[in-house]
Amino acid sequence: MVNKYVLAYSGFPFPVTLTLIHMLFCSSVATLLITTGIVQPVNMPNDLYFRGVVPIALLFSLVLWLGNAAYMYLSVSFIQMLKAAMPVTVFSAGIILGTERYEFNLAANLAVITIGVGIASYGEMHFVLVGLLLQGASVILESFRLGLIQIILQSKGIKLNPVTTLYYIAPACAAFLCIPFYFLELPKMLDPASDWKLDAPLLLGSAVSALGESEPVVSVIQGGFWEQI
């Protein structure tokens, strides 16, 4: 809800910038918690970081960017309906990546979910194709990100709690987001004719909201995605 308001109604139509702010804030909080000893760090070898965490961070930055961009075109309720297709895309991505085996009964149940999402999409009053494509791409990339976490990190015995996940992934996400920010949104922000507005308290609230939403995502990953559905 907060991101929808920021991007669609507050005069700040910059999804990359908003996502970058979120990642910088989450990175700062995670670094503070670990450097002060409140949360114990996890030993992450440099080669595993660059081979594992960095690709996952790249996917995560795209997931967040595209997902936030979808708020500019679609209603919050419709986006939540589209996110209901996550079990389908996670299962499909798992088959492609080799982390899941095809089972007819499970595939049939997931087909029902797909049909339901399709019906909801067909009946959406404020349907915008661009928003659907953005959110669909976000869901698909998130599914592959979850698969990569299972293959790269969990297979190596690396267990990350919500704080250590942000500590390692958020800075890399911010670094990746700086590229589209510089080329796509910074010129618009510097344009004298642009009438965008900077509401610092609202952006801070959005960042705090993003930090709060990160923990259940990681808990789903650690506890097993399929146990949650």
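**From a surface patch to the helices**

Reply: Phe183 counts as exposed because its relative accessibility is 60% (exposed is over 50%, buried is under 20%, and partly exposed is in between, with a 1.4 Å probe and protein chains only). This is a predicted model, in which local features need pLDDT of at least 70 and side-chain atom pairs need pLDDT 80 or more, while totals for chains, interfaces and linings use all residues. Residues are numbered from 1 along each chain as its sequence is written, and side-chain values use heavy atoms, without hydrogens or water.

Together with Ile179, Tyr182 and Leu184, Phe183 makes a nonpolar surface patch of about 470 Å² (nonpolar side chains joined within 5 Å, each residue having over 30% relative accessible area and no salt bridge). Leu184 counts as partly exposed, because its relative accessibility is 45%. Phe183 sits in helix H8, which covers residues 162-190 (a helix is a DSSP run, H or I, of at least four residues). Leu184 and Asn68 are 116 residues apart in sequence. In space, C-alpha to C-alpha, Leu184 and Asn68 are 15 Å apart.

Helix H3 covers residues 46-70 and packs with H8. Their axes are 8 Å apart and the angle is about 50° (angles run from 0 to 180 degrees between N-to-C directions, with axes fitted to C-alpha atoms). That angle makes H3 oblique to H8 (under 35 degrees is roughly parallel, over 145 roughly antiparallel, 65 to 115 roughly perpendicular, the rest oblique). H3 and H8 cross in a right-handed way (the near helix is turned clockwise from the far one by less than a right angle; anticlockwise is left-handed).

H3 has other partners. Helix H7, residues 129-153, packs with H3 at about 160°. That makes H3 roughly antiparallel to H7. The axes of H3 and H7 are 8 Å apart, and the crossing is left-handed. Helix H2, residues 15-35, also packs with H3, at about 130° with axes 9 Å apart. So H2 is oblique to H3. The crossing of H2 and H3 is right-handed.

Now look inside H3. Leu48 lies there. Leu48 is buried, because its relative accessible area is 6%. Leu48 and Lys156 are 108 residues apart in sequence, yet their C-alpha atoms are 9.0 Å apart in space.

Charged pairs come last. Side chains of opposite charge can pair when their charged atoms come close. The structure holds two salt bridges (a Lys or Arg side-chain nitrogen within 4 Å of an Asp or Glu carboxyl oxygen). One joins Arg51 to Asp47, with the closest N and O atoms 3.6 Å apart. Both residues, Arg51 and Asp47, lie in H3, four residues apart, about one turn of the helix. Asp47 counts as partly exposed, since its relative accessibility is 44%. Glu142 and Arg145 form a salt bridge as well, at 2.8 Å from N to O. Glu142 and Arg145 are about one helical turn apart because three residues separate their positions in H7. Both Glu142 and Arg145 are buried.

Notes: Patches are made of residues with over 30% relative accessible area and no salt bridge: like charges are joined within 9 Å, nonpolar side chains (Val, Leu, Ile, Met, Phe, Trp, Tyr) within 5 Å. Accessible areas come from the Shrake-Rupley method with a 1.4 Å probe; for residues, only the protein chains shown count as cover. Helices (H or I, at least four residues) and strands (E, at least two) are DSSP runs, numbered from the N terminus.
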